[in-house]
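Colleague: I would like a close look at a single part of this model. Please keep it simple and take it step by step.

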Amino acid sequence: MRLTNIVVQNVRRRKMRSSLLMLSVIIGVASIIFLYTTTQAMQEDVANKLDQFGSNILVLPDTEQSLTFGGITVEAPTQIKELDMSLIPLMQTIKNKETLATIAPKLLANTKLKGREILLLGVDFPQEFQLKKWWKVDGLEKNQIPSADQVILGSDIASSLGLIPLQTVTILGQDFKIAGVIQPTGSTENDQAVFMDLAVLQKLTNRPNAISLIETAALCYTCPIEEVTQQLSDKLPGTKVTALMSSLESRDDTVNRFNVFARSVSLILLLASSLVITITMKSSVEERTREIGIFRAVGFRKRHIIQIILGEAGFLSLLGGLLGYILGMSMAVSFGSELMKAQVHISWQPNLLIYALSASLIIGLTASLYPALKAARLDPTESLRYL
């Protein structure tokens, strides 16, 4: 009788134990597939949100003259060398241009307001609000964009000068209405500056198309930030492109925590499945002592016994791996994103089937190796004594 036939017959005759072994594999594989796919979605979702939570790339003039702007080193506004608005279309021609979610140019200028020296920031308001999602602006309705004759004040400036929304202030000889006041953020460039329309400030300072720096939010979950930085450097001559490492380290640390969590839980599930398989196969061998003795008596060698035991475990593990993959992916696709509160769609991943089958086969064979060796070491005469 062929060994494959014996394996199939043993699986059919011992349906309860076969089902228990297969169920342990199904639960383990399904849990790991579900955990892996949902964790990947969470990682991508968190990375994307962190990438959008402010800039992670700065484009600065390539000059030695500099000042500190909110912890960021930039060229002083009094220097002749400046960037130009023509750089923005060039940024959108890099190979990974789809990763540039937000491009926010800025023009810096110094002036006086009510006798106090202040920092003026000319910004593209739609891009600036996209970049500074954490801003809370008193006096400004949600999704409202200030017009060209309006400004936004930092909390420190407004407080020290006693200014409130809807008041009118004169800046560089032109009247502006205060559209809103930014609630305290703890950063100098937000709390101690006055924000106005970029084109208006360029006109008032007689610096057409000039900008001092560009803040960029690059979505770099699927690409190294260094590649985007290098591509921008190649496209923008006369500039210094810098990645904000604190932002990247925060994102990477969060993503790495998800990885550690997923791997730890997966390891626990693998060990649990292996333990169930080992106990099941060991119990099966003990119940089949006489059967194994008959096999040995009619000429089956030790390696044949090992092949039969491992064949049963391998067959059931593969079947359990297939069903576990289908169950795990179905659960992940159906409600994984909703359960994890992630805004990333989870789709079927056929490549995981190969990993699921390979892992389940390795686990099944490894966990059944000791029971198989124990079965092979049984004394055939001792086994037949009870017949």
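How many bridges join strand β8 to strand β11 (residues 193–197), and do the two run parallel or antiparallel?

Modeller: This is a predicted model, in which local features need pLDDT of at least 70 and side-chain atom pairs count only at pLDDT 80 or more, while totals for chains, interfaces and linings use all residues. Residues are numbered from 1 along each chain as its sequence is written, and side-chain values use heavy atoms, with hydrogens and water left out.

Now your question. β8 and β11 are joined by 3 bridges, and they run antiparallel. Two strands count as paired if DSSP finds at least two bridges between them. Strands themselves are DSSP runs of E with at least two residues, and helices are runs of H or I with at least four; both are numbered from the N terminus. Look at L153 in the model: its bridge partner in β11 is V194.

β8 also pairs with strand β10 (residues 174–182). Here there are 4 bridges, and the strands run parallel. Q150 stands opposite K177 of β10.

What covers the strand? β8 spans residues 150–153, and both of its faces are covered. Q150 and I152 lie on one side. V151 and L153 lie on the other. All four are buried, where buried means under 20% relative accessible area, exposed means over 50%, and partly exposed falls in between (1.4 Å probe, protein chains only).

The structure holds 5 salt bridges; a salt bridge is a side-chain nitrogen of Lys or Arg within 4 Å of a carboxyl oxygen of Asp or Glu. One of them joins E215 and K106, at 2.5 Å from N to O. E215 sits in strand β13 (residues 213–218) and K106 in strand β5 (residues 100–113), so this pair ties together parts 109 residues apart in sequence. E215 has a relative accessible area of 6%. For K106 the value is 1%. Both residues are therefore buried.

K132 comes next. Its salt bridge with E128 has the closest N and O atoms 2.8 Å apart. E128 and K132 are both buried. K132 also forms a salt bridge with E215, with the closest atoms 4.0 Å apart. That pair links distant parts of the chain: E215 is in β13, and K132 is in the loop between α4 (125–131) and β7 (137–138), 83 residues away. Shared partners join K106, E128, K132 and E215 into one network.
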